[in-house]
Amino acid sequence: MPFNFLLVWLVQLLSVGILGGGIYILYEWYERELVGTSYLVAGIVMVLWSFGGRFISLPLLRRPGSDEPEFMRSQTVQRLSRPDGSVLQVEFFGPEDGQPIIFSHGWGPNSTVWYYVKRQLSDRFRVIVWDLPGLGKSTRPQNKDYSLEKYARDLEAVVSIAGDKPVILLGHSMGGMINLTFCRLFPEHLGRRVAGLILVDTTYTNPLKTCIFSGVVRKLQKPLLEPLLYLTIVLSPILWLMTWLSYLNGSLYITVELSGFTGRETRGQLNFAGLLSALGSPGVLARGTLAMFKFDEIETLANIHIPALVVCGASDIATKPVASDRMKAELPHSQRVTINPGGHMALMEQNQQFSEAVSDFCAECTVNH
């Protein structure tokens, strides 16, 4: 989400500072400007930490889990070519005759973030996941259109290949914003092609208005955040290297932990979330983040006359529970599930609880449709 960029920039600068400082100390020691074994040791430690600190910090931070996430891809794949030149990677899990659920991930990771729902729901549901253009195995739009409307039209293309049964749309974070935009652009599909809607840790408006410290962050949007995002686009290759450096030294885990988890995640979950963050191109992420500033679907909510489930982590700071409260109040046929304890990445940290909430709602939609 947008406010994460401030944290990421700080961590990247810290990473460069540690590596640069280590190299400088070693150089000055070599030139005998700094005398003593302690300087040599300090320089070596700083350089080694820059490229392998995560192997020390990760075991210290979190416990290992019994089922750690991994990059699970399907053998059943469709590639959809879009008018803007992008190609969508759509993957299918589970029985062909099962109730189809289309999972739209948030901005930053890719569809492999759905590791747990693939394992826990594909025994009885047709789980359909897709990579948003520019992320994962979906290619970037040639016209550089990263708007929510473009992604909502892409989602309609995914719906068109989901089979004969009405689908349930599930979106996490920006994926939920895409779902709401879809409902505005394609109201004729609601109740016919779409049987239900699940909005997970998401918002109905510019996410800066519903994140932690929203008052301060909103004031920083024009003078700081937007220039920083445009600079990110220009310096994308350099910043990508800085991001990987922060992943290798373990400092990227700080931003992932603060923005997504509550401290109960496993070692593998924290590492997987950090790795997914590092895989996304900073330039692509910046363009999509700028598009989110224009998002506002508050008027759309009252026109969504299909069953809706609003899911929110009780401690989510990227999209505070107040956003879910508002959506629950405005949606005509909605119910609310709060995952406690849980943050923005409760779908991973509390995966069993999340899958159960999704399964119960989808089964209810199937019976009532």
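View 1. Tyr247 counts as buried, at 5% relative accessibility (buried is under 20% relative accessible area, exposed over 50%, partly exposed in between; 1.4 Å probe, protein chains only). Trp244 has 28% relative accessibility and so counts as partly exposed. The model is predicted: local features need pLDDT of at least 70, side-chain atom pairs count only at pLDDT 80 or more, and totals for chains, interfaces and linings use all residues. Residues are numbered from 1 along each chain as its sequence is written, and side-chain values use heavy atoms, without hydrogens and water. Trp244 and Tyr247 lie three residues apart in helix α8 (residues 236-248), so about one helical turn separates them (helices are DSSP runs of H or I, at least four residues, numbered from the N terminus).

**View 2. Aromatic pairs.** The count comes to eight aromatic pairs (rings of Phe, Tyr and Trp, its six-membered ring, pair with centres within 6.5 Å; planes under 30 degrees apart are stacked, over 60 edge-to-face, the rest tilted). Tyr115 and Tyr116 have ring centres 4.9 Å apart and planes at 80°, so this pair is edge-to-face. Both Tyr115 and Tyr116 are buried. Trp244 and Tyr247 also pair edge-to-face, at 5.6 Å centre to centre and 90° between the planes. Trp107, Tyr146 and Tyr151 form one aromatic cluster.

**View 3. Gln120 in helix α4.** Helix α4 (residues 115-121) holds Gln120. Gln120 is buried, with a relative accessible area of 17%. Leaving aside neighbours within four places in sequence, Gln120 is in contact with Asn351, Gln352 and Ser355 (contact means heavy atoms within 4.5 Å).

Definitions and conventions. Helix = DSSP H or I, 4+ residues; strand = E, 2+ residues; numbered from the N terminus.
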